[in-house]
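I opened the model to look up its packing. My entries follow.

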Amino acid sequence: MTVTKLKVLASFLIFPLISFLVFYDWAESLASDPSAVTILSTFIQYVIIYGATISCNNAEVWAIIILVGIGLTIYGVINRSAFTFLVMNISLFIIFCLPIFLAVTGTTRFCMSFLI
């Protein structure tokens, strides 16, 4: 498998997009009037819930996971083999999708105390 720059770029676009679309669908399903849900307001909620999920559930562990994920992602970009591409995609999934998936499914603690 040849890992091209386009495939790497696609990975960097797809994982955040998947994460946001899952969150947008979830936010739309909770709204009493789904047509009132806008992209901008949902994006702001997305950022807040992403941060709240990380900060309220062992922020130190998340920081370590994200730092390791960033390191593996950089390694995957530099050394483009099939294995490092797979590791890079797993890391991108953990960085972008896992906090949102855990928040949407209700399997993590959610608090807003870090904003106060």
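I started at Tyr-50. Setting aside neighbours within four places in sequence, I found Tyr-50 in contact with Ile-66, Ile-95, Phe-96, Pro-99 and Ile-100; contact means heavy atoms within 4.5 Å.

I noted the basis next. This is a predicted model, where local features need pLDDT of at least 70 and side-chain atom pairs count only at pLDDT 80 or more, while totals for chains, interfaces and linings use all residues. Residues are numbered from 1 along each chain as its sequence is written, and side-chain values use heavy atoms, with hydrogens and water left out.

I then looked up the cores. A nonpolar core is a set of buried Ala, Val, Leu, Ile, Met, Phe, Trp, Tyr and Cys residues joined through side-chain atoms within 4.5 Å; buried means under 20% relative accessible area with a 1.4 Å probe, protein chains only. The largest core has 13 residues, and Phe-23, Tyr-46, Tyr-50, Ile-54 and Ile-100 touch the most other members. At least two residues of this core come from each of α1 (5-30), α2 (39-55), α3 (59-78) and α4 (82-105). α2 gives the largest share, four residues. I also logged a second, separate core of seven residues, among them Val-3, Phe-15, Met-88 and Leu-92.

I checked the fold. The protein has four helices and zero strands, taken as DSSP runs (helices H or I, at least four residues; strands E, at least two).

Last, I took the overall values. Of the 116 residues, 32% are buried. Among contacts with a separation of 6 or more, 68% join residues 24 or more positions apart. The C-alpha atoms fill a box of roughly 45 × 35 × 20 Å along the principal axes.

Definitions and conventions. Buried < 20%, exposed > 50% of the residue type's maximum accessible area, 1.4 Å probe, protein only.
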